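Here's a friendly walk through one protein model, one topic at a time. Take a look at the picture first, and then we'll get going.

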Amino acid sequence: MNTHQTNKNNQTTSKIMNKALTSTKFDRNFFLNLITKSPSFFHLKQIHAQIIHNNLNSDVITLTKLTQKLCDIGEIHHANLLVSSTRNPDLFLYNVLIRGFSLNHLPSSSVAVYARLRRETKLKPSNFTYAFAISASGSLGDERVGLSLHGQSVVGGFEFDLYVGSSVVGMYLNFSRVGYAHKVFDRMSQRDTVLWNAMMSGLAKNCCYVDSLRVFRDMVGSGAHLDSSTLSAILPAVAELPDLKMGTAIHCISYKLGLHSHIYVFTGLLSMYSKCGDPYTAKVLFTQIRKPDVVCYNAIISGFIFNGDVESSVGIFKELLYSGEKVNSSTIVGLIPVGSPFGHLVLTSLIFGFSVKIGMIGVPSVSTAIITVYSRLNEIDKARQLFDESSEKSLAAWNAMISGYAQNGLTEKAVRLFQDMQTCHVRPNPTTICSILSACAQLGALSLGKWVHNLINEEKLESNVYVTTALIDMYAKCGSISKARELFDTMPEKNVVSWNAMVSGYGLHGLGHEALNLFDKMLKLGITPSRVTFLCVLYACSHAGLVDEGNKIFDSMVHFHGCEPISEHYACMVDLFGRAGQLEKALYFIENMPVKAGSVEWGALLGACMTHKDLALARKAADKLLELDPENVGYYVLLSNIYSADQNFGQAASVRQMAKKKNLSKSPGCTLIELDETPYVFTCGDRSHPQTSAIYAKLEKLMAEIKEAGYQAETMTALHDVEEEEKELMVNVHSEKLAIAFALLSTEPGTEIRIFKNLRVCLDCHTATKYISKITQRVIVVRDANRFHHFEDGICSCGDYW
């Protein structure tokens, strides 16, 4: 509405008001018309005064109209006061207020009004009452309120009411209770457009894109009426799959129904074509608009960015600036290369400067997007500076910064920031929880993970499938595989990511058969495995020596499931053959891959050569690796160790010298242990601990005892230019041995010991730990860079196969 028209309306309203003040004859309809035309809270207050003056303050119909108008303009608290002061409010008035609180983003107040209706009146809730209250409960942090309201609506006789059903489906999908939503939806004998749309949209928001598309097909097949909301709901699911063929079909439907020019459908089509890898069609659609508005510009700008065409996106952005359309925060966010930031630090910095210039850096969505890109580009200090300078820190900003720390391996900083967030009384959401659980998993901080688990229960987030999946992953990576399985079994709903987390956990612990059993169960339940699923299963087979099983799964992945392997799948197969000593088969697999093998596959082969001491093949793999990835210090270390094991110390020194000339250095080994919720970190030869003397004395005694039991030091990869006795002393003070000695000093006999090593555990420490577990009668759990080792009574769960 333009300014001239607005002023005209205000003048008209003022005239009517003046008439009201002087009129001696009026009726209810006069005030109803007056309320409808009122443009502001100021006018509504005057009208309310006239209603009281003219003795209509007990007229429920007039007061209901006034309440509705107050809700519509955001004056919800005044509306609440109005209803509270009404002597005998009817059901319709209560319904207006319940809906008003919900639309004004005050769901708890909405539910409170419903409770007041049930508690203080004899009014019987209608289908609208339940629908409004249930919709509001979907925005609460506690799903139990929604469950209770659903139950009450069933008791009230509205189980199959379409209006109530749509609200119930929406509520369950807001809480990611996809199974519950399906049950309600499937039981509805009749379905209208609103119900179909609620189901489709909710499934898409829960990343159930295939299911959302299936519901859309069913809707079309049922002959139900499709509207603009239907197409707006399904297009994001099509875009995320991505399914260009289906997207094109929906585009045709939109033309047939005359909905293609609807703004939300049109922008949905632009985004769909962009995300389906067809930016050309998106651009053609865009050029068909005579005068695109900022929403259309935003869609095409973000579409080009999504496809990595930064130049075209910046070009369209300049066109927008020249057109005179005002840039909004969505424009800036769409221009920021969040999905593919690498190589775009300069662009991000320029966008940051532009945002500061136009005063938009204070908009939370803009600053959060820039923080995310800085974090992904490892510009973590810039990200933190922007975060600290943000006057309004949204929950998304906290999440971006915590996630940034976790993704960059700065797990301790992620944990500290999360604790700061708690101090600031910012309530976490599922994204926050998943990020901090990832940090706990990386650290191996089980006590902290348990604390987060308690917080999840307090915040009523345990029903969220992503949160529970993150918990499963955390417990598995912190050594509690039984707790992970317990959580998995109690999940009422599981998605493919949940199954992947559990299969991966079994693989990490070397429990290959358990991983295969779970994979078989997953297939029998009709759950479609993803690429990640196959990666997890192949990893589990590799670490358990299940060569035939892994081979069959790889074949079924390609030929039965139609899943195209990527580099990591091929590397798993090389690792599978290599670990089993089938080095020639591993080499044959590499040389006959349909794509050129990269450093991941050759690296797996080099690791196998180290295990099985095949120097000739190791040289061949190393030559390839130093050609493909000459900056990876790990390959130099592996090759040097292979030469040392072969007593070729000159060549070993030569390889190390090559790495030194390139200024490449290996990450120092360290081991973490948690005792009484306090973390302790040891490095090789560490003497910084207050109990150093006692630790070394305990370790010396321990080494003497295991030698008597038959232990012999494995010193073949130690430096060659020192005496054998000195080599033994060097391996004796490795970080994991110091951590175990400290644990034996600090815990009661029989207590399980858990330690976490940042690198692959060396052969000597692995052998020594087996003997230590036997003579001390302790279970010792070691997580290294590759997997878990459970040592008990002189035997390791890996079967000396790691």
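## Strands that pair

Two strands count as a pair if DSSP finds at least two bridges between them. Keep that in mind for this predicted model, where strand S3 (residues 753-757) and S4 run parallel and are joined by four bridges. One spot to look at is Ile 755, which stands opposite Val 782 in S4. To get from S3 to S4, the chain passes through helix H43 (residues 763-776), and this β-α-β crossover is right-handed.

Between S4 and S5 there are four bridges too, but here the strands run antiparallel. Val 782 turns up again, standing opposite His 789 in S5. A hairpin of four residues makes the link from S4 to S5. Next along, strand S5 (residues 788-792) pairs with S6 in the antiparallel sense, over two bridges. There, Phe 791 has Cys 796 of S6 as its bridge partner.

## The whole sheet

Put together, six strands form an open sheet in the order S2-S1-S3-S4-S5-S6, and the pairing is mixed.

Which way do the residues of strand S4 (residues 780-783) point? Ile 780 and Val 782 go one way, while Val 781 and Arg 783 go the other, and all are buried.

## A cavity and a pocket

Rolling a probe the size of a water molecule over the atoms shows where empty space is left. Here the count comes to one cavity of 30 Å³ or more, and the largest cavity has a volume of about 40 Å³. Its lining includes Phe 682, Asp 686, His 689 and Leu 738. Helix H40 (residues 692-708) gives the most to that lining, with three residues. By class, the lining of the largest cavity has four nonpolar residues, three polar and one charged.

There are pockets to look at as well: the second largest pocket has a volume of about 1100 Å³. It is lined by 31 residues, and the closest to its centre are Cys 208, Asp 211, Asn 495, Val 496 and Ile 527. Among the helices that each supply at least two residues of this lining are helix H13 (209-222) and helix H30 (496-508). The lining of the second largest pocket divides into 18 nonpolar, nine polar and four charged residues.

Take residues 192-226: the span is 77% helix and 0% strand, and its end C-alpha atoms lie 10 Å apart. Residues 464-494 are 74% helix and 0% strand, with the end C-alpha atoms 10 Å apart.

The peptide bond from Leu 241 to Pro 242 is cis, with omega near -25 degrees. You'll find Pro 242 in the loop between helix H14 (228-240) and helix H15 (244-256).

Asn 378 isn't a glycine, yet it has a positive phi of about 65 degrees. It is in the loop between helix H22 (364-376) and helix H23 (380-389). Is Asn 378 buried or exposed? Asn 378 is exposed, with a relative accessible area of 52%. Gln 777, a residue other than glycine, also has a positive phi, near 55 degrees. Gln 777 lies in the loop between H43 and S4, and at 58% relative accessibility it counts as exposed.

How values were computed:
Residues are numbered from 1 along each chain as its sequence is written. This is a predicted model: local features need pLDDT of at least 70, side-chain atom pairs count only at pLDDT 80 or more; totals for chains, interfaces and linings use all residues. Side-chain values use heavy atoms; hydrogens and water are left out. On a 1 Å grid over the protein atoms alone, a cavity is a set of points where a 1.4 Å probe fits but cannot get out, and a pocket is an open set with protein on both sides within 12 Å along at least five of seven lines; lining residues have an atom within 4 Å of a point. Grid points are joined across faces, edges and corners, and a volume is the space filled by probe spheres set on the points. Ala, Val, Leu, Ile, Met, Phe, Trp, Tyr, Cys and Pro count as nonpolar, Asp, Glu, Lys and Arg as charged, and the others, Gly among them, as polar. Buried means under 20% relative accessible area, exposed over 50%, partly exposed in between (1.4 Å probe, protein chains only). A crossover is right-handed if, with the strands pointing away from the viewer, the path from the first strand over the helix to the second runs clockwise.
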